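Here is a friendly walk through one model, with the geometry spelled out along the way. Have your viewer ready and follow the headings.

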Amino acid sequence: MKNITVIGAGAMGNGIAHVFAMNGYPVALADVSREALDKGLATIEKNLARMVAKEKISQEGQDATLKRISTFTDTAQAVREAALVVEAATENIELKLKLFKEIDQHAPKNAILATNTSSISITKIAAATQRPELVIGMHFMNPAPVMKLIEVIRGYATSDETTQAVMALSRKLGKVPVEANDYPGFISNRILMPMINEAIYALFESVAGVEEIDTVMKLGMAHPMGPLQLADFIGLDVCLSILNVLYEGFGNPKYAPCPLLVNMVAAGKRGVKSGEGFYSYGHGTKDLIVADAFK
Ligand code: NAD
């Protein structure tokens, strides 16, 4: 595999482009927004400079990596020579179905089409194309240049050859791929989201406060971050939407989102990105202050 196209230059897309380019692959990075592309490139440059400062890569390595990335605002043009497309656009099913139809029309017939979706069915996305056997989930974790795991998700029709190619490529990137079948939440969010939901229930039922819950999981279970702080980082709106995917996908009440989470999202408290969730971020994320409502 040579040419890689990454669709979407947001939080995940720029990190994924960074990983491929640093490993020697020419990358076409596409976004509907020129501003997002400029911001994405600036983020890649900043993150590479940090790696140079830490002596993880050389200055020449940084320059060569940046040179391998070209940017596009036109999807058809961006995928024309791709051996692999990794889609990391906004998490919206209608948008992804439309995008995959378009990518399918313009990418080479034997190109593998991967999606970085956190929660949308790979099988549904694959069905929007004429090549479902070549469609697969390639779920990078955030931040992509740092996190070792790639969850490789097989849709209903994904072939063994496609899966093996993506597993091998992930290893070439220095990552550890784990194969999963396409059921709601895959492995990662099926386990993580109920844990976060349970932590919110513990708060909702006054079992303990925000800091107590997070401290138990940090010091007692050796988690680097408590579940409520992690939920703030992921985005409370994103957590709610993934829980709804699990709830609807399995039809099992154990996945029902906690009413406190539903209320917080309705009130605009979305975590770090809105300045407040379970913690306040007015003074920067280094000084976590329990949000007023939870004191
Ligand atoms: P984001 O909002 O930061 O970026 C999405 C980008 O997609 C934006 O720049 C937007 O302009 C662009 N976009 C929208 N429509 C497009 C189109 N038709 N063509 C090209 N670009 C388009 O989102 P994100 O957090 O980077 O998430 C991207 C994907 O990665 C989602 O599917 C999400 O579920 C998944 N994901 C996110 C995380 C995370 O922690 N943020 C982790 C793993 C997976």
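## Two helices to start with

Are α8 and α11 roughly parallel or roughly perpendicular to each other? They are roughly perpendicular, therefore a fitting place to begin. Before going further, please keep in mind that this is a predicted model, in which local features need pLDDT of at least 70, side-chain atom pairs count only at pLDDT 80 or more, and totals for chains, interfaces and linings use all residues. Residues are numbered from 1 along each chain as its sequence is written, and side-chain values use heavy atoms, with hydrogens and water left out.

The axes of α8 and helix α11 (residues 236-250) are 10 Å apart, and the packing angle is about 115°. Axes here are lines fitted to C-alpha atoms, for helices over the stretch in contact, with angles running from 0 to 180 degrees between N-to-C directions. Angles under 35 degrees count as roughly parallel, over 145 as roughly antiparallel, 65 to 115 as roughly perpendicular and the rest as oblique. Helices (H or I, at least four residues) and strands (E, at least two) are DSSP runs, numbered from the N terminus.

The crossing of α8 and α11 is left-handed; that word applies if the near helix is turned anticlockwise from the far one by less than a right angle, and right-handed if clockwise. On the α8 side, N189, R190, M193, P194, I196 and N197 meet C239, I242, L243, L246 and F250 of α11, where contact means heavy atoms within 4.5 Å. The residues of this contact divide into eight nonpolar, two polar and one charged. For these classes, Ala, Val, Leu, Ile, Met, Phe, Trp, Tyr, Cys and Pro count as nonpolar, Asp, Glu, Lys and Arg as charged, and the others, Gly among them, as polar.

## Two further helix pairs

Helix α8 (residues 188-204) also packs on helix α9 (residues 210-221), with axes that come within 9 Å and cross at roughly 140°. That makes α8 oblique to α9, and the crossing is right-handed. M195, A199, A202 and L203 of α8 make the contact with V210, I213 and M217 of α9. By class, the contact of α8 with α9 has seven nonpolar residues, no polar and no charged ones.

Next come α11 and α12, whose axes come within 9 Å and cross at roughly 130°. This makes α11 oblique to α12, and α11 passes α12 in a left-handed crossing. The α11 side of the contact consists of L236, D237, C239, L240 and L243, and the α12 side of L261, V262, M264 and V265. By class, there are eight nonpolar, no polar and one charged residues in the contact of α11 with α12.

## The nonpolar cores

Which residues have the most contacts inside the largest nonpolar core? They are I16, F20, L84, M138 and F140, in a core of 35 residues. A nonpolar core is a set of buried Ala, Val, Leu, Ile, Met, Phe, Trp, Tyr and Cys residues joined through side-chain atoms within 4.5 Å. Helix α1 (residues 11-22) gives the largest share of this core, six residues. Leaving aside neighbours within four places in sequence, F20 is in contact with I4, Y25, V27, L84, V86, M138, F140, L169 and L173. A second, separate core has 28 residues, including M193, A231, L240 and Y279.

L169, one of the contacts of F20, lies in helix α7 (residues 160-172). L169 counts as buried because its relative accessibility is 4%; buried means under 20% relative accessible area, exposed over 50%, partly exposed in between (1.4 Å probe, protein chains only). L169 and M1 are 168 residues apart in sequence and 8.1 Å apart in space, C-alpha to C-alpha.

## Backbone details in the loops

Most residues other than glycine have a negative phi, and most peptide bonds are trans. F186, in the loop between β8 (176-181) and α8, has a positive phi of about 50° and is buried at 6% relative accessibility. A222, in the loop between α9 and α10 (227-234), has a phi near 60° and is exposed, with a relative accessible area of 67%.

The peptide bond from N142 to P143 is cis, with omega near -5°. P143 is in the loop between β6 (135-140) and β7 (149-154).
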